[in-house]
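Subject: Structure for you to look at

Hello,

Here is the structure I said I would pass on. My notes on it follow below.

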Amino acid sequence: MKRRSVLAGTAVAIAATTLEAGPAATAATAAAGTAPDAVTVLPSDPRYADLVIGNNSRWVARPDSVRLVRTTEQVVRAVQEAVDGNKRISVRSGGHCYADFVFNPEVRVVIDTSLLDTVGYDEDLKAFEVGAGSTLLHVYDSLFKGWGVTIPGGMCYSVGAGGHISGGGYGMLSRRHGLTVDHLYAVEVVVVDANGKARSVVATCEADDPNRDLWWAHTGGGGGNFGVITRYWFRSPGATGTDPSLLLPKPPKEVLVSAFALPWSELDKGSFVSLVQKFGAWHEKNGSADSSAASLCSFLMMNHKANGSIGLLTQIDATVPDAEKVLDDFLTEVTSSLSDAAVRPMSEPVGELGALPDLFTPQHLPWLHSVKLLGTSNPTLTNPTLRGHHKSAYLRKNVTEAQAVAMYRHLTRTDHENPASMVVLLSYGGKINTVGSGDTASAQRDSVFKGLFQSFWSSAVDDDANIGWTRDVYGEVFSASGGYPVPGAATDGCYINYPDADITDTKVNTTGVPWYTLYYKGNYPRLQRIKAAYDPRNTFRHSQSITLPDQT
């Protein structure tokens with residue numbers, strides 16, 4: 001290996017100089033005007049329309065410019081110019097924010113980091129460097145092919161690392177290996193001080209690092225709060241030595257993947273409620289890191305009846321003892337109240353996934369093959385017309401019968417018939433829950449599964465119907481606590497990477513519990529103090545950003 005082996009990306013020499021010279025030199029170089037300029041896209045540019053809208057087409061911006069950056073120095077310059085011009089900044093990596101954090105009418109400059117897409121190994125830090133603009137599939141492909149390692153991130157292939165990691169990040173390997181931030185060693189962020197001076201800061205998890213708080217804030221504090229993230233470095237806790245292949249988790253050599261559909265025609269209220277509760281009960285029993293099923297991850301995807309079916313996608317490390325039996329036991333237990341006729345190949349789209357009929361009989365697949373198959377089998381990632389409304393929940397205990405009945409009621413409503421309205425229950429727990437609530441900014445560390453309530457549609461004329469349906473099902477499921485999963489014995493708040501556009505509205509969130517408590521729980525005051533230290537002018541803000549201590 002050379003000092004910095006980079007598999008993909010651009011301007012490697014400049015990036016290396018940034019790290020070696022340090023933040024002060026970076027800022028000085030930028031101020032001297034020696035760094036090459038970022039690409040500036042103005043409204044007249046043919047690229048503009050593609051760069052002012054993200055995955056959720058409800059949110060569109062009309063900034064004065066979009067700055068496409070390739071180096072940390074370019075980010076420093078772009079931020080400085082915006083600050084000097086008193087222009088509101090927002091930051092985009094992959095463009096998958098569910099809410100209006102990036103694209104909104106107040107934004108005048110969008111800093112787009114999608115070209116910061118390097119993935120490599122840094123011998124000085126003995127950690128893997130990942131550019132903030134790298135998409136998840138690019139990260140997995142590069143780390144695995146280059147060194148046989150990975151990070152336990154999300155399934156959606158085109159999500160950018162910048163926002164995904166900073167919000168905590170989890171996926172199909174997280175029950176076995178924890179959250180992505182549990183392997184975060186360092187982060188580089190371009191911040192703005194009280195005098196309006198932009199500079200880059202590298203913050204590590206080392207106990208003697210004066211910037212350690214800034215590292216901690218990016219272990220679940222969410223994107224767009226403290227500055228512009230330019231790159232991350234990953235190394236698992238306790239990993240030592242100089243062999244890169246031993247510094248991050250190794251993914252399974254092979255996985256066993258199952259997917260099948262459950263037609264609504266074969267489900268009544270009783271069998272539906274039983275299915276949902278058996279899914280939750282299994283996760284309650286198998287939520288610990290030492291469970292023999294800790295490497296199993298499943299998604300119960302319950303589309304509205306108009307879709308025709310609901311579905312169950314499950315993956316397990318095929319190399320663990322009795323993997324086939326563990327998978328079979330899980331599938332048998334969850335579907336035990338259903339007839340054989342109720343289990344069919346997934347020949348049509350279910351959840352956010354396209355058809356996967358070949359997985360009706362569980363298939364043994366090389367790990368990277370499975371990542372590509374499942375990650376790219378997602379029509380919602382490739383349809384640029386889709387609008388969406390989303391809500392989330394951490395669940396410490398199984399849902400009650402009343403909650404499952406509420407799901408059934410709204411999923412079978414005849415006054416709303418959108419096949420892409422859904423409730424998804426997702427595996428959680430395992431290794432995730434071995435980390436303390438305050439050890440990272442990701443505070444929810446004892447849930448066993450999660451809920452995602454959402455609707456997708458294409459026309460603005462259908463906004464009210466779909467937003468209303470999502471509010472209705474979510475509000476009824478959590479009606480006992482004011483319509484949101486307030487932290488308590490059974491629920492534990494909401495996931496910042498699934499931001500909810502309603503959460504700050506006290507007419508919708510009637511819990512009396514502040515939105516920031518639902519996302520961050522007791523970690524919020526510390527996040528505010530870090531905000532005051534690194535963004536005292538509140539340069540980086542959005543509709544749900546962390547506030548300065550005197551603005552709560």
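Which residues does Leu143 touch, not counting residues up to four places away in sequence? They are Val119, Phe128, Gly148, Val149, Thr150, Ile151 and Leu248. Please keep in mind that this is a predicted model.

Leu143 belongs to the largest nonpolar core, which has 134 residues. Together with Phe272, Val276, Met302, Met407 and Tyr520, Leu143 touches the most other members of that core. Strand E11 (residues 254–263) supplies the largest share, 7 residues. Another core, of 17 residues, lies apart from this one and includes Val75, Val79, Val83 and Val192.

Next, the sheet. Its 7 strands are ordered E14-E11-E13-E12-E16-E17-E15, and the sheet is open with antiparallel pairing. E14 and E15 (387–395) are the edge strands, each pairing on one side only. On average, neighbouring strands are turned by 20° against each other, direction ignored. E15 and E17 (residues 449–457) run antiparallel and are joined by 9 bridges; Leu395 has Phe449 in E17 as its bridge partner.

H11 touches E11, E13 and E14, and its direction makes about 105° with that of E14. H13 (residues 463–477) touches E15, E16 (421–427) and E17, and makes about 160° with the direction of E17.

For H11 (residues 367–376), the buried residues are Trp367, Leu368, Ser370, Val371, Leu374 and Gly375. They lie on the same side of H11, because they cover an arc of only 155° around the axis. Among the elements that cover them are helix H5 (136–147), E11, E13 (309–317) and E14 (363–366).

Finally, the charged pairs. There are 28 salt bridges in the structure. In one of them, Arg231 meets Glu188 at 2.8 Å, N to O. Arg231 lies in strand E10 and Glu188 in strand E8, so this pair ties together parts that are 43 residues apart in sequence. Both Arg231 and Glu188 are buried.

Lys391 and Asp500 form another salt bridge, with their closest N and O atoms 3.1 Å apart. This pair links distant parts of the chain, 109 residues apart: Lys391 is in E15, and Asp500 is in the loop between H13 and H14 (515–520). Lys391 and Asp500 are both buried. The two are also part of a salt-bridge network with Arg471 and Asp502.

Asp535 and Lys531 form a salt bridge as well, at 2.8 Å between the closest N and O atoms. Asp535 counts as buried because its relative accessibility is 0%, and Lys531 is likewise buried, with a relative accessible area of 0%.

Regards

Notes
Residues numbered from 1 in each chain as written. Predicted model: local features only at pLDDT ≥ 70, side-chain atom pairs only at ≥ 80, totals over all residues. Heavy atoms only, no water. Core = buried A, V, L, I, M, F, W, Y, C linked by side-chain atoms within 4.5 Å. Buried < 20%, exposed > 50% of the residue type's maximum accessible area, 1.4 Å probe, protein only. Helix = DSSP H or I, 4+ residues; strand = E, 2+ residues; numbered from the N terminus. Contact = heavy atoms within 4.5 Å. Arc of directions from axis to C-beta. Pairing = 2+ DSSP bridges. Axes fitted to C-alpha atoms, helices over the stretch in contact; angles between N-to-C directions. Salt bridge = Lys/Arg side-chain N within 4 Å of Asp/Glu carboxyl O.
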